[in-house]
Amino acid sequence: LSAISHDVSAPLAAITASLSGLLTSDGALDQAAERQLLETANTEARRLHRLVKIRRSVTRLETGVLTVKTEPHELLDLVSAALEELGTSAGQRRVSFDIPEDLPLVPMDIGLITHVFINLFSNALKYSPPDQPVEVRGRIIDDQLEVLVVDRGIGVLPEDLGRVFDKFYRVADVGSSNGLGLGLAICKAFIEAHDGRITLENNPMGGTIVRVVIPFREAATSWENLKL
């Protein structure tokens with residue numbers, strides 16, 4: 001309940017503030033200002049909708065009834081969808097891609113994997129300076145899709161590397177971030193539901209590298225023993 005309350009409070013506050021601003025303006029706002037408030041409310045409403053869907057998936061995963069529906073998808077399409085969901089926070093940053101044009105389609109659940117990339121990109125943007133790029137690299141190794149999300153941010157202390165995917169675990173040096181430590185745990189569960197794996201390591205040039213590996217074979221259809 002605490003996690004759900006934490007997740008929904010920020011978008012609800014933004015939606016309420018935007019709509020209140022429109023209702024109390026008495027015509028004082030110009031068209032551009034009104035549009036900005038409406039776009040904020042729309043963006044946050046979409047974010048809230050996504051959070052509710054993810055929480056539903058997590059609940060189904062923890063109770064052993066989640067069914068992963070895999071279909072062949074292009075990696076670039078999923079990456080682009082994730083960045084679009086992040087909106088202005090990603091649009092104002094430099095994100096580079098190293099994804100071969102001939103990369104084959106990979107069986108993935110588009111909803112679950114898109115959420116994984118949303119979380120990974122959000123972290124990379126949040127914990128790296130505005131003038132530093134975020135890189136996305138994709139390749140095929142031994143019949144597996146390997147995706148790297150590389151940032152030039154604050155990095156992770158060596159003693160935290162083995163625990164960053166634990167539920168509710170947060171590293172000590174995270175600046176002003178007030179998350180609950182669930183994001184990477186959910187990513188790990190969604191990737192493992194595809195019979196894949198996800199790891200995090202420090203970038204030798206500063207920052208972190210998150211490595212996601214997904215096999216080409218069809219994943220199982222249910223995970224009674226898979227828990228967060």
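Which residue takes a positive phi in the hairpin of β6 and β7? In this predicted model, local features need pLDDT of at least 70 and side-chain atom pairs count only at pLDDT 80 or more, whereas totals for chains, interfaces and linings use all residues. Residues are numbered from 1 along each chain as its sequence is written, and side-chain values use heavy atoms, with hydrogens and water left out.

The residue in question is glycine 206, with a phi near 100 degrees, in a hairpin that has 5 residues between its strands. Helices (H or I, at least four residues) and strands (E, at least two) are DSSP runs, numbered from the N terminus. Strands β6 (residues 197-202) and β7 (residues 208-215) run antiparallel and are joined by 6 bridges; pairing requires that DSSP find at least two bridges between two strands. Asparagine 202 is placed opposite threonine 208 of β7.

The structure holds 1 aromatic pair. The ring centres of phenylalanine 117 and phenylalanine 121 are 5.9 Å apart and the planes lie at 15 degrees, so the pair is stacked (centres of Phe, Tyr or Trp rings, the six-membered ring for Trp, within 6.5 Å; planes under 30 degrees apart for stacked, over 60 for edge-to-face, the rest tilted). Both residues belong to helix α5 (residues 110-126), 4 residues apart, about one turn of the helix. Phenylalanine 117 and phenylalanine 121 are both buried (under 20% relative accessible area, 1.4 Å probe, protein chains only).

Leucine 120 touches Val149, Leu184, Cys187, Ile198, Val210 and Val212, not counting residues up to four places away in sequence; contact denotes heavy atoms within 4.5 Å.

Notes. Buried < 20%, exposed > 50% of the residue type's maximum accessible area, 1.4 Å probe, protein only.
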